[in-house]
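Subject: Structure handover

Hi,

Here is the structure we talked about. Please open it alongside this email and follow along.

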Amino acid sequence: MRKPGDLLYGLDDRPPAGVVLSIAVQQATIVLVWLLPAFVLAREMAATPSQAAALFSMTFAACGIGTILQATRRWGLGSGFLAPVTPSSAHLVPSILAAQAGGLPLVAGMTLFAGLLTVLLARALHRIRTLMPPEVAGAVVFIIAIGVSLTGARLLLAGGIGAPPAPAALLVALTTLAVAIGLGIWGQGPLRLGGVLIAMGCGSLLAASLGLLQPPDLAELGSLPLLGLPDLSGRSLAFDLALVPAFVIASVASALKTVGMITALQKLNDADWVRPEPRSIAGGVTGDGLATAVAGLLGAPGVNVSPSNVAIQMASGVTSRSVAFATGALCLLMACFPRAAALLHHIPAPVIAAMLIYAGGLMLANGMQLAATRLLDARRSLSVGLGVAAALTAEAVPQLAFWVPAGLRPLVASTALGTLVALLLNAAFRMGVRRRVTLTIPAEGLPGAEVDAFITGAGASWGARREVVSRAAHLAASCLDAIAVSGCARGALTLELGFDETRIDMRIAWPGAPIILADRPPSADELLDEPEAPARLAGYMVRRLSDRLRLRHRDGTSELTLALDH
């Protein structure tokens, strides 16, 4: 794994303590911003201030444990990346259903069940790896980014029906966004590293000066302990078979989201990234499952890898694993200060909206880049395009959730629906795609454009990397040139291509003598004086362009087999 040039501190780097603390504070702040499922759940249960404080504290604790788990990558229990976790929106609707049916004990029991199910799902990911190619993973990241951006936009525009946002709120959001963008692009040193936190601070100060910062209820704050963890002695677990489908769907949706986010982190941390690495993805899904199981034991909603926290890494240029342990520790520390957590909850809505829009914009670009790493034919283009269209439909027509049974509502959330459409179409469109294709070339040859189109079309149907397909086309042209220059072919040639996700195989067979695969190019004098020198030069170029090759001659037929690593 080679660190990209635009990262200040890569995955295995050890930044100074000040940098680690600064980035960890920003990551922990985003965890707090995404406590929305916990707040909604507390309101649904009509929780008292002390019950709500306990729920928030346990949510912080689950996020801290999950963040540390994700960074470990030992015994397959984590992704090995800086991948902070936050409450999962996919678990929100099932958790509300559980709260309505049986209160917090049922929420806890079903969340524990969902976490264990996610761990089992992670064990099967390697068997379905071909169903999650990079273009689909890029579409998932893109879909998640749409949801994040629109969440911020709705929060900013949440006025009356048809009413524009208040000018003061719009000013605060635009100022926060401008500061974050400016520091992310032109900031240097501490200014870039702390860009998100500085932007949130500037926005909050402006909001306070404009009267948008609502003071907390002092009586409510006074009822919360200043320091300490809530008493968990009375907690219990319950299980309801009727809620199993809802939590199964939530587990699948969360796992698919994590697959997309870990793939994005792999690409972010590796300048030589070419394909998703299955071990870290499986470890990431396992880490999410264990963190969700812990959340269930603590009485908190389910959690998974946060897209906004990934966006902060893109903006700050810091992806060090050390930050993950500091972030996890901060989350565990925040769990011990319920009164402080309640105060932090009063961050102005326009500031939160601006940061969500900022994070979503960064992720949109990353998702497009990830999808564009592969050639796309009509089938793969439709898989990606219709998946994104389905997600946009779910966002534009929220009443879809009321047209399906309650247990299936997580399935029509934008992230889940878009991801499932992309996955199902990708699986369906794989039918009829041949893994090996053959082209017959007459002895007099074919125009180079036809051979190039044949190879490019095959690469697009397979979803192969653009640069490898380009190399394959160049290599095929060099081989055909070498055969033509040597004059050894006595009839039609056969060009066969094969693909297996890790390499492109090429086989060229012709009746006649084999070509010369020289170990060195001929000198200028040899090219002038020796008739066979051009053939040696062509054979030398073939040897240089391929990663592996084999030439054999049997029963009057020559066969050249080549391979390009993918």
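In which helix does E395 lie? E395 lies in α16, the helix of residues 378-396. Keep in mind throughout that this is a predicted model.

**E395**

Is E395 buried or exposed? The relative accessible area of E395 is 15%. The cut-off for buried is under 20%, so E395 counts as buried. Now look at its side chain. The side chain of E395 makes a polar contact with the side chain of R154, at 2.5 Å.

**The whole chain**

Step back for a moment. The chain has 566 residues, and 52% of them count as buried. It holds 21 helices and seven strands. Next, consider contacts between residues at least 6 apart in sequence. Of these, 80% join residues at least 24 apart.

**A61**

A61 gives you a case to look at. Find A61 in helix α3, residues 49-72. A61 has a relative accessible area of 8%, so it is buried. Which residues does A61 touch, beyond those up to four places away in sequence? They are L298, C331, L332 and A335. A61 and A300 are 239 residues apart in sequence. In space, their C-alpha atoms are 9.0 Å apart.

Start with α10 and α11. Helix α10 covers residues 244-269, and helix α11 covers residues 278-298. Their axes come within 9 Å and cross at roughly 135°. What does that angle make them? Roughly antiparallel needs an angle over 145 degrees. The pair α10 and α11 is therefore oblique. The crossing of α10 past α11 is right-handed. On the α10 side, the residues that meet α11 are A255, T258, V259, I262, T263 and Q266. On the α11 side, they are S280, I281, G284, V285 and D288. The contact of α10 with α11 is made up of five nonpolar residues, five polar and one charged.

Go on to α8 and α15. Helix α8 runs over residues 195-209, and helix α15 over residues 349-371. The two axes come within 9 Å, with a crossing angle of roughly 150°. That makes α8 and α15 roughly antiparallel to each other. Their crossing is right-handed. From α8, the residues V196, A199, M200, G203 and S204 take part. They meet V351, M355 and Y358 of α15. How many charged residues does the contact of α8 with α15 have? There are no charged residues; six are nonpolar and two are polar.

Helix α19 spans residues 466-486, and helix α21 spans residues 533-545. Again the axes come within 9 Å, and here they cross at roughly 155°. So α19 and α21 are roughly antiparallel. Is their crossing left-handed or right-handed? The crossing of α19 and α21 is left-handed. On α19, the contact uses R471, H474, L475, S478, C479, A482, V485 and S486. On α21, it uses P534, A535, A538, G539, V542 and L545. Nine residues of the contact of α19 with α21 are nonpolar, four are polar and one is charged.

**S461**

S461 sits in helix α18, residues 448-462. With 19% relative accessibility, S461 counts as buried. Which backbone oxygen lies 2.7 Å from a polar atom of the S461 side chain? It belongs to A458.

**D555**

Finish in a loop. Where is D555 found? D555 is in the loop between β6 (548-554) and β7 (557-565). Its relative accessible area is 77%, so D555 is exposed. Now look at the backbone. Most residues other than glycine have a negative phi. D555 is not a glycine, yet its phi is positive, at about 55°.

**Where to look**

Begin with the E395 and R154 side chains. Then turn to the α8 and α15 crossing, and the α19 and α21 crossing. End at D555, in its loop between β6 and β7.

Best wishes

Definitions and conventions: Residues numbered from 1 in each chain as written. Predicted model: local features only at pLDDT ≥ 70, side-chain atom pairs only at ≥ 80, totals over all residues. Heavy atoms only, no water. Axes fitted to C-alpha atoms, helices over the stretch in contact; angles between N-to-C directions. Helix = DSSP H or I, 4+ residues; strand = E, 2+ residues; numbered from the N terminus. Parallel < 35°, antiparallel > 145°, perpendicular 65-115°, else oblique. Left-handed = near helix turned anticlockwise from the far one by under 90°. Contact = heavy atoms within 4.5 Å. Nonpolar A, V, L, I, M, F, W, Y, C, P; charged D, E, K, R; others polar. Buried < 20%, exposed > 50% of the residue type's maximum accessible area, 1.4 Å probe, protein only. Polar contact = N/O pair within 3.5 Å; in protein donor to acceptor, adjacent residues only side chain to side chain.
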